[in-house]
2 protein chains.
Amino acid sequence: VSTIQFSQIVVPDGMIELGIGQPDRSTFPIAAVRAAAAAAFDVHGEYLQYGAEYGDGHHRLALADFLTRTYGFRVDPELLYSTNGNSQAIDQISGIFAKPGDTIIVEDPTYFIARQIFADRGLQVVDAQMDSDGIDIDALGAQLAALRSAGTPARFIYTIPTFHNPTGRTLPVGRRQQLVELAAQYECLIVADEVYHLLHTGESRSVPPPMSAWVDSGYVLSLGTFSKIFSPGLRLGWVHAASPLLEQLVGSGLIVSAGGLNPVVSTLMTPMLHDGTVEDNITSLRREYANRIDVMHEALHQYVGDLMTWTKPTGGYFFWLTLPPGVDGLHLRRVAEQHGVGLRHGALFRVKALAGPDAVRLSFAHYQAADLIEGCRRLGSALGEAIHL
Amino acid sequence: VSTIQFSQIVVPDGMIELGIGQPDRSTFPIAAVRAAAAAAFDVHGEYLQYGAEYGDGHHRLALADFLTRTYGFRVDPELLYSTNGNSQAIDQISGIFAKPGDTIIVEDPTYFIARQIFADRGLQVVDAQMDSDGIDIDALGAQLAALRSAGTPARFIYTIPTFHNPTGRTLPVGRRQQLVELAAQYECLIVADEVYHLLHTGESRSVPPPMSAWVDSGYVLSLGTFSKIFSPGLRLGWVHAASPLLEQLVGSGLIVSAGGLNPVVSTLMTPMLHDGTVEDNITSLRREYANRIDVMHEALHQYVGDLMTWTKPTGGYFFWLTLPPGVDGLHLRRVAEQHGVGLRHGALFRVKALAGPDAVRLSFAHYQAADLIEGCRRLGSALGEAIHL
């Protein structure tokens with residue numbers, strides 16, 4: 001098999017892969033990128049030199065303005081560090097703020113490839129319980145205490161606080177505050193993957209503030225990215241955190257050697273942060289995804305509504321559906337593939353099997369309405385077959 | 001002090017910083033980049049999606065053609081993996097092919113920030129002896145044997161085989177062959193940082209083949225980058241290695257999560273690989289650096305020729321100058337700063353102090369002729385003062 005490919009995922013013809021947690025190309029602001037390139041790649045060529053280690057200064061100033069407008073509180077440009085996207089940030093943080101063999105805490109379930117990054121870094125992962133509002137704070141407190149007593153204190157908690165992957169759940173503001181208090185009490189960092197935070201489908205005041213609002217505590221690293229609000233191929237994101245934390249990231253050999261991680265793309269994005277292109281794109285994505293959620297919610301009701309249960313998402317990328325008792329998610333995935341539809345089975349996102357019914361994750365980000373409906377129809381057929389097998 | 005900066009290094013007004021191992025902006029093909037952006041960022045926007053994990057297929061095909069033409073032997077596109085530049089490649093390789101506490105071997109002296117990357121990864125570094133032809137192969141064989149006997153086998157040897165940083169030395173072809181034989185005998189990888197390989201000032205046949213020529217052994221990872229042959233802000237490079245080695249890099253959580261590391265810049269560079277822009281730029285750099293080497297060699301003769309000794313470089317970025325007995329490089333660096341000229345002192349590149357005379361590294365890459373001459377004049381004054389102090 002040739003390794004010469006042109007994108008990360010290749011879906012076989014005819015398949016509707018509702019498992020893919022990636023946007024579809026129809027949402028990319030291609031014309032804006034072309035126009036921005038002509039303007040941003042100026043005759044001075046500053047972006048072709050080794051870049052500043054925190055990231056390009058022009059870019060960080062524009063990013064801080066954008067976040068200040070969007071989050072509704074002041075974001076200090078000095079507290080931003082430009083990354084190669086959240087995957088790179090998670091990997092680097094795992095190397096700087098923990099040592100191999102150290103313990104960290106993740107939500108159960110969580111983003112499955114983050115688990116692989118932590119394993120690559122040799123970290124011991126402890127799963128935190130969730131309920132319909134995200135992390136169970138009381139249980140977390142007990143875990144932190146037990147880990148400290150055992151001499152294996154948790155170095156950080158990796159969380160996706162808003163429109164969580166895979167469950168779509170959002171941690172309420174009260175729990176966010178409690179999470180930060182626990183972090184301070186146990187001197188444990190919070191690594192908040194805020195990748196979906198801006199993709200809400202309702203009013204922004206219905207969404208709690210991002211964990212970014214608590215960076216002054218000194219315990220929060222808020223990870224943001226252009227991947228889901230603009231385009232993932234940019235490989236550009238940021239960490240918002242207190243200076244002593246950023247200094248450790250920026251002082252690493254990787255950054256001292258390389259300089260800034262992505263000067264060219266930072267330069268490309270700066271005018272689009274200034275002129276409202278990024279905000280307009282987010283507005284357009286919110287409208288598009290709100291429509292897709294409605295369509296998929298309706299189609300799921302029609303085709304699997306008597307067998308699966310779910311909460312209608314209010315943002316993010318995912319539906320998380322509880323299966324009927326006795327139906328295994330991985331088994332359903334295999335049957336569904338034969339019916340021409342893909343999904344991600346629940347066990348992928350967790351280490352230990354669930355006691356209760358299994359679940360599956362479907363994404364509405366990679367396909368438009370007609371395919372979402374057809375995918376749900378096929379899922380209904382697959383589920384019928386899986387139950388009867 | 002504000003962290004808002006616009007490039008990695010800011011040199012105080014009036015200072016000539018011959019310590020900096022970075023190109024100067026006058027060599028950047030700015031107009032070509034602007035033209036390529038207009039063509040490469042097409043209306044399809046494929047480069048905005050999560051990219052293929054090995055790197056963009058179009059880019060790898062174009063890169064393989066370029067390397068085949070330039071190296072003079074066939075480079076298989078299937079054996080190329082696109083990186084965020086050599087620093088990222090060194091860091092990732094250090095995590096995949098060694099575990100914290102494992103032993104690796106580096107040249108003594110070597111690129112000082114690579115040492116920091118290895119330390120960040122928790123690796124134990126053993127120094128290999130060099131002579132005027134690079135690594136001493138007999139001594140290396142004895143080290144490999146001793147490390148294996150001690151139960152701490154070397155996982156890899158990090159080498160800069162051509163126009164070595166900081167010494168400028170080049171490993172002859174016979175030693176390259178012996179190095180690969182040792183690697184096979186001791187099952188120890190060779191991580192060849194070939195960053196300066198293409199920057200020779202004479203005929204290409206006077207330069208030994210890159211370590212890339214030995215990837216079929218299965219023990220060589222050849223690291224290449226556009227940083228020194230085009231522009232460092234691109235953060236784009238490649239690893240050329242056998243498939244089983246690439247599979248380990250590409251199968252890491254970081255890459256599975258992120259997809260290709262730099263789809264946008266890969267796409268930008270592809271037309272410039274096809275149309276000869278990259279090769280023309282290398283030709284132009286060779287001519288420019290050959291001239292600068294002549295100028296600096298002459299100026300050094302004039303200002304420090306009776307006190308320092310050196311071999312005139314035939315490529316790369318650096319002069320490596322042996323100091324008069326009793327003069328300490330760090331001391332000279334401090335005196336030189338007061339005379340308005342920068343340098344890198346020898347101890348920076350090694351762990352243990354030298355028995356014999358100290359040395360310093362000067363780069364001719366960051367300044368044009370007039371500044372190089374003035375910098376050498378100031379160095380002469382500083383050296384006179386350092387000797388008399």
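This is a predicted model: local features need pLDDT of at least 70, side-chain atom pairs count only at pLDDT 80 or more; totals for chains, interfaces and linings use all residues.
Helices here are DSSP runs of H or I with at least four residues, strands are runs of E with at least two, and both are numbered from the N terminus. By that reading, A:Glu288 has its place in helix 10 of chain A.

## The seven-stranded sheet

Seven strands of chain A form an open sheet in the order 2-10-9-8-7-3-4, and the pairing within this sheet is mixed. Strand 2 (80-83) and strand 4 (124-128) of chain A stand at the edges with a single partner strand each, so one side of each is left without a neighbour in the sheet. On average, and with direction ignored, neighbouring strands of this sheet are turned by 25° against each other.

Strand 9 (residues 220-225) of chain A is mostly covered, with six of its six residues buried. The burial applies to both faces of strand 9 of chain A: A:Val220, A:Ser222 and A:Gly224 are buried on one side, and A:Leu221, A:Leu223 and A:Thr225 are buried on the other. Strand 9 of chain A pairs in the parallel sense with strand 8 (residues 189-193) of chain A over four bridges, whereas strand 9 and strand 10 (residues 237-240) of chain A run antiparallel and are joined by four bridges. A:Ser222 of strand 9 stands opposite A:Ala192 and also stands opposite A:His240 in strand 10 of chain A. A:His240 is in turn the bridge partner of A:Leu80, in keeping with the antiparallel pairing of strand 2 and strand 10 of chain A over four bridges.

## Helices against the sheet

Helix 2 (residues 57-71) of chain A lies across strand 2 and strand 10 of chain A, running at about 110° to strand 2 of chain A. Helix 4 (residues 112-120) of chain A lies across strand 3 (103-107), strand 4 and strand 7 (154-159) of chain A, and runs at about 175° to strand 3 of chain A.

Helix 2 of chain A also meets helix 10 (residues 277-304) of chain A, their axes coming within 11 Å and crossing at roughly 40°. This crossing is right-handed. The contact is made by A:Phe66, A:Arg69 and A:Thr70 of helix 2 of chain A together with A:Val278, A:Glu279 and A:Ile282 of helix 10 of chain A; by class, these are three nonpolar, one polar and two charged residues.

A:Glu288, also in helix 10 of chain A, counts as partly exposed because its relative accessibility is 26%, a value that lies between the limits of 20% for buried and 50% for exposed. Between A:Glu288 and A:Phe349 there are 61 residues of separation in sequence and 27 Å in space, C-alpha to C-alpha.

Three strands of chain A form an open, antiparallel sheet in the order 11-14-13. Strand 11 (318-322) and strand 13 (344-345) of chain A are the edge strands, each pairing on one side only. Strand 11 of chain A is joined to strand 14 (residues 359-363) of chain A by five bridges in the antiparallel sense, and A:Leu321 stands opposite A:Val360 in strand 14 of chain A.

Helix 12 (residues 369-388) of chain A has 20 residues and reaches 29 Å from its first C-alpha to its last, close to the 28 Å expected at 1.5 Å a residue. Among its buried residues are A:Leu372, A:Cys376, A:Leu379 and A:Leu383. The buried residues of helix 12 of chain A pack against strand 14, strand 12 (341-342), strand 1 (16-17), helix 10 and helix 11 (329-338) of chain A.

Key
Residues are numbered from 1 along each chain as its sequence is written. Chains are lettered from A and ligands numbered from 1 in the order in which they are written. Side-chain values use heavy atoms; hydrogens and water are left out. Two strands pair if DSSP finds at least two bridges between them. Axes are lines fitted to C-alpha atoms, for helices over the stretch in contact, and angles run from 0 to 180 degrees between N-to-C directions. A crossing is left-handed if the near helix is turned anticlockwise from the far one by less than a right angle, and right-handed if clockwise. Contact means heavy atoms within 4.5 Å. Ala, Val, Leu, Ile, Met, Phe, Trp, Tyr, Cys and Pro count as nonpolar, Asp, Glu, Lys and Arg as charged, and the others, Gly among them, as polar. Buried means under 20% relative accessible area, exposed over 50%, partly exposed in between (1.4 Å probe, protein chains only). The expected span of a helix is 1.5 Å times one less than its number of residues.
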